[in-house]
Amino acid sequence: MSHRTPSPTDRLLVSGCDVLRVPPQGECEILRAQDIVVADGVIEDVRPTGGPSGSDLAAEVIDGRGLLAVPGLVNAHTHSPMVLMRGAAEDVTVEGWFNDRVWPMESNLTPEDVRAGARLACAEMIRSGVTTFADHYFFPEQIAEAVTETGLRADIAPTYFSSRGQEALEDTVTFAETWHGRAGGRVTVSLGPHAPYTVDDGDLRTLAGHARRLGLRIHVHAAEHLEQTRSSLERRGITPVRVLHETGVLEAGALIAHGCGIVEDDLPLLAEYAGTTAVACCPKVYLKHALSPLTPVRDLLAAHVTVAVGTDGAAGHNTLDVWEALRLVALTQKQAVGDATWMTVSDTLRMAMRGGARALGLQKEIGALEPGMRADIVLTDLSGLHCRPLHDPRAALVYSARASDVRTVVVDGRVLMRDGRLLTVDEPALLAEADARVARILDTSHGRAVQHYDP
Ligand SMILES: [Zn+2]
């Protein structure tokens with residue numbers, strides 16, 4: 001086994017692992033005893049183990065025997081630096097969460113805080129087999145730097161409120177022009193108006209125009225729950241989704257966070273742009289905030305709109321664990337629809353992998369372990385007692401596996417975690433830095449806030 005520093009241009013061989021095949025439709029399959037051959041960050045071949053150009057030709061070999069290789073998970077909606085506020089806003093309503101806790105705390109954040117939080121978040125995601133995330137936050141350069149240095153893949157949307165003014169809007173566009181496609185293509189950018197209730201129609205139109213001009217998408221919170229849809233109908237006679245339609249946001253291509261308040265009239269509007277529209281479902285935060293209904297996943301899929309799995313920020317979700325999120329999608333959707341036979345194991349895995357990739361416009365690059373795809377590979381160890389006897393590894397992934405079952409993580413052909421050891425992150429230093437910052441961030445005695453929640 002090679003011990004030199006891995007580089008993306010090396011040839012990498014993952015030998016003897018089982019492989020989860022996630023087809024565009026139908027049942028997922030387990031391919032037994034495979035070799036995954038990677039060259040220049042791309043999967044060149046997935047084939048029965050022991051073939052030609054095996055370990056002798058690869059610069060780096062990972063012994064995958066006894067492990068199951070799965071496509072890296074995609075966290076389709078998060079605010080990564082909010083790990084700094086994990087557990088600091090509990091047992092509150094949505095309004096209390098924003099107005100009494102999160103938006104006052106966020107007014108304390110410095111660029112250095114965001115960098116420390118983003119690094120911690122990247123480490124947590126690598127540990128849990130998340131190889132790509134769609135982020136939405138302030139000080140986006142800091143997040144982009146953290147992604148660059150930790151080796152993950154991310155689509156970063158700089159959060160924008162109209163209350164911040166035109167200069168701030170221009171700054172988000174400049175960030176996009178500077179960072180889109182950087183870090184060897186691992187960093188992409190979407191524009192990030194916060195929501196139709198915090199960004200006015202003129203700004204939504206302007207951002208949609210920039211998105212079309214630059215070939216970017218828009219990542220936005222909309223119809224987060226039914227109350228917001230009702231309030232929008234009362235105040236202005238149209239739903240939040242119709243606002244996105246009328247301002248050109250859907251036409252530009254939109255990743256919509258939550259969408260629990262999407263109503264029947266919205267479905268044709270979303271269907272019109274189904275090829276470039278996605279909704280990220282983050283059920284743990286809906287359950288915590290006692291919200292009902294949930295994201296109408298069945299209706300969205302019937303309208304050919306992509307649905308993906310997200311955690312939202314850790315100030316609501318407490319973890320960035322997409323295994324937990326995808327399990328909750330399966331459980332809550334079965335319960336919501338009253339049908340135990342849908343949101344199957346295969347459909348749930350597909351949503352977290354291919355669905356996440358499509359939600360970020362990366363379906364040609366990630367979401368499956370197939371020749372031609374970027375090599376974002378997660379090796380899971382399903383030998384723990386909580387997975388045994390292992391009748392169906394696919395079911396274990398959805399209903400039994402834990403983030404701690406992830407052993408080795410490869411992104412773009414580079415090994416970021418090997419056998420449980422993080423290679424691009426100094427964990428103790430990172431934790432010490434985050435801990436040193438939290439007391440100041442949690443102090444809201446000043447009475448300031450970044451925004452007031454009144455949708
Ligand atoms: Zn969010």
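1. Terms and model. Contact here means heavy atoms within 4.5 Å. The model is predicted. Residue numbers start from 1 along the chain.

2. Helix α3 and its cover. Helix α3 spans residues 140-150. Its buried residues are Pro140, Gln142, Ile143, Ala144, Ala146, Val147 and Thr150. Which elements cover them? Among them are the helices α2 (111-127) and α4 (166-179). The strands β7 (130-137), β8 (153-160), β9 (187-189) and β17 also take part in the cover. Just after α3 comes Gly151, with a positive phi of about 90 degrees.

3. Arg414 sits in strand β17. Between Arg414 and Gly151 there are 263 residues of sequence separation, yet their C-alpha atoms are 7.6 Å apart in space. Arg414 itself is partly exposed, at a relative accessible area of 24%. Burial requires under 20%, so Arg414 does not count as buried.

4. Overall dimensions. The chain holds 16 helices and 18 strands. Its radius of gyration is 21 Å, close to the 23 Å from the globule rule for 455 residues, so the chain is as compact as a globular protein of that length. Along the principal axes, the C-alpha atoms fill a box of roughly 65 × 50 × 45 Å.

5. Of the 455 residues, 60% count as buried. The accessible surface comes to about 17000 Å². Carbon and sulfur atoms account for 50% of that surface. Take the contacts between residues at least 6 apart in sequence: 74% of these join residues at least 24 apart.

6. The zinc site. Which residues coordinate the zinc ion? The donors are His77 (NE2), His79 (NE2), His221 (NE2) and Asp312 (OD), at 2.1 to 2.5 Å. Along the chain they follow the spacing H-x1-H-x141-H-x90-D. His77 belongs to strand β6 (residues 73-78), while Asp312 belongs to the loop between β14 (306-309) and α12 (314-317), so this pair ties together parts 235 residues apart in sequence. Both His77 and Asp312 are buried.

7. Zinc geometry. The angles among the four donor atoms run from 81 to 175 degrees, and the site is irregular. Why not tetrahedral? That label needs all angles between 85 and 135 degrees, and the range at this zinc ion is 81 to 175 degrees. For reference, the ideal angle for four tetrahedral donors is 109.5 degrees.

8. Strand β5. Strand β5 covers residues 68-71. Leu68 and Val70 are on one side, with Ala69 and Pro71 on the other. Are these residues buried or exposed? All four are buried, and both faces of the strand are covered. Strand β1 (residues 11-21) pairs with β5 in the parallel sense, over two bridges. There, Val19 stands opposite Ala69. On the pairing with β15 (residues 377-380), the sense is antiparallel, with four bridges. Leu379 in β15 is the bridge partner of Ala69.

9. Strands β15 and β16 pair in the antiparallel sense over four bridges. Thr380 has Val406 of β16 as its bridge partner. Strand β16 (residues 406-411) is mostly covered, with five of its six residues buried. Three bridges then join β16 to β17 (residues 414-418), and these two strands run antiparallel. Val410 stands opposite Val415 in β17.

10. The β16-β17 turn. The hairpin has two residues between its strands. Asp412 lies in the loop there. Its phi is near 55 degrees, a positive value in a residue other than glycine. Asp412 counts as buried, at 9% relative accessibility.

11. Other backbone points to check by eye. Asn318 has a phi near 70 degrees, again positive in a residue other than glycine. Asn318 is in the loop between α12 and α13 (322-337). The bond joining Ser292 and Pro293 is a cis peptide, with omega about 0 degrees. Pro293 is placed in the loop between α10 (283-288) and α11 (297-302). From Arg388 to Pro389 the peptide bond is cis too, with omega near -15 degrees. Pro389 belongs to the loop between β15 and α15 (393-399).

Technical notes
Predicted model: local features only at pLDDT ≥ 70, side-chain atom pairs only at ≥ 80, totals over all residues. Heavy atoms only, no water. Donors = N, O, S within 2.8 Å, 3.2 Å for Na, K, Ca; no water. Tetrahedral: all angles 85-135°; square planar, octahedral: opposite > 155°, others 65-115°. Buried < 20%, exposed > 50% of the residue type's maximum accessible area, 1.4 Å probe, protein only. Rg over C-alpha atoms; globule rule 2.2 N^0.38 Å. Areas by Shrake-Rupley, 256 points an atom, 1.4 Å probe, with all protein chains shown as cover. Pairing = 2+ DSSP bridges.
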